[in-house]
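User: I want to learn how to read helices and chain contacts in a model. Can you walk me through one?

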Amino acid sequence: MIGLIVLAIFITLIILAVLIIENDDLPHSVILFMGFGLASVILYFIFSAPDVALTEAVIGTGISGVVFLVTLLQIRSREIKR
Amino acid sequence: MNLKKEIRVSTLFVSIIVSIMTILLLPIFLDFNLTATSLGESLLKINEIETNSANSVTSVVTYFRGFDTLGEVTILFLSIFGIGLGLEGYRDKLNIFAYENRLLKTAVDVLFPLIILFGFYIIIHGHLSPGGGFQGGVIIASAFLLMFLAKGDEFSINHKIISLTEALSGAGFILIGILGVVLVDRFLGNFLPLGTIKELFSGGVIPLIYIFVGIKVSAEITALVEYFIRIKDVK
């Protein structure tokens with residue numbers, strides 16, 4: 001059962017990675033990146049590394065995604081003004 | 001995928017070299033007979049004697065590899081320093097995320113102390129449960145991020161206080177290390193009583209180190225987020 005969950009998460013990770021790269025809409029890509037982080041959090045937790053899972057949840061999914069989104073919004077507001 | 005693209009000579013060259021090296025190194029990788037459990041088992045045995053920390057990952061990060069943690073904290077400080085150096089000229093009071101959302105503004109007033117409390121919980125219980133200084137510090141910084149997003153110009157942080165907090169906590173980390181040299185034999189040595197395992201006051205010097213690391217990381221990430229949110233228009 002746990003092996004099936006791990007396999008499903010691995011396939012999800014690969015699909016998400018391809019979607020992140022191939023996406024033309026950058027904010028959409030960032031949100032998919034945060035989803036990638038969330039899936040890897042579950043994977044780390046299943047592989048009994050809760051410390052790494054917590055770090056990934058806080059830094060990989062939270063702060064870095066928000067910093068990406070903020071940067072994109074700054075660039076976009078500048079483009080609209082021009 | 002565009003197959004019409006010509007393959008560059010350098011790309012072909014690099015890929016040939018990489019494949020040759022892979023074939024040459026493959027026997028070494030296959031024969032690499034590392035008994036991966038030996039180091040972990042010996043660390044766990046030393047952990048019971050020397051640090052008495054319930055979370056053995058924490059004792060590896062802050063006690064056995066405490067010098068590495070000092071290096072990581074320095075790397076984080078240098079990256080934030082570089083961002084501050086690059087973006088200092090573009091700072092402005094205008095915050096582009098000042099949405100007039102009354103629901104968010106009211107909810108943030110309730111959530112802000114709770115998130116900070118949770119961050120301090122993660123920091124202080126770093127030697128008992130998963131988590132620690134880095135994670136708790138970033139959680140505290142995310143509370144400040146929420147305030148920035150919701151309040152806009154009504155909420156601002158004092159950069160002098162932030163940098164003072166960051167400098168004092170970094171100095172505290174190094175002070176603990178030097179006290180380890182003076183009182184015990186080595187840098188970041190344990191000079192406090194170990195206590196009983198799985199209690200809050202246990203693990204010797206580990207909770208103190210993690211408290212300093214947590215405060216330092218929270219100040220740094222808060223400064224980072226503040227720099228990115230308040231950028232003036234470049235024209």
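Predicted model: local features only at pLDDT ≥ 70, side-chain atom pairs only at ≥ 80, totals over all residues.

User: What span does helix H5 of chain B reach from its first C-alpha to its last?

Analyst: Helices are DSSP runs of H or I, at least four residues, and strands are runs of E, at least two, numbered from the N terminus. The expected span is 1.5 Å times one less than the number of residues. H5(B), residues 102-124, has 23 residues and reaches 34 Å, close to the expected 33 Å.

User: Where does H5(B) bend?

Analyst: A bend is the angle between axes fitted to the seven residues ending at a residue and the seven starting there. In H5(B) it is about 35° at B:Asp109. B:Pro113 follows within four residues.

User: How many residues of chain B are in contact with chain A?

Analyst: Contact means C-beta atoms, placed from the backbone, within 7 Å. Here 16 residues of chain B meet 17 of chain A. H6 and H8 of chain B each give two or more residues to chain B's side. H6(B) gives the largest share, 7 residues.

User: Which pattern does chain A follow?

Analyst: Along the sequence, chain A reads α-α-α. It has 3 helices and 0 strands. Its C-alpha atoms fill a box of roughly 55 × 25 × 10 Å along the principal axes.

Notes
Residues numbered from 1 in each chain as written. Chains lettered and ligands numbered in written order. Contact = placed C-beta atoms within 7 Å.
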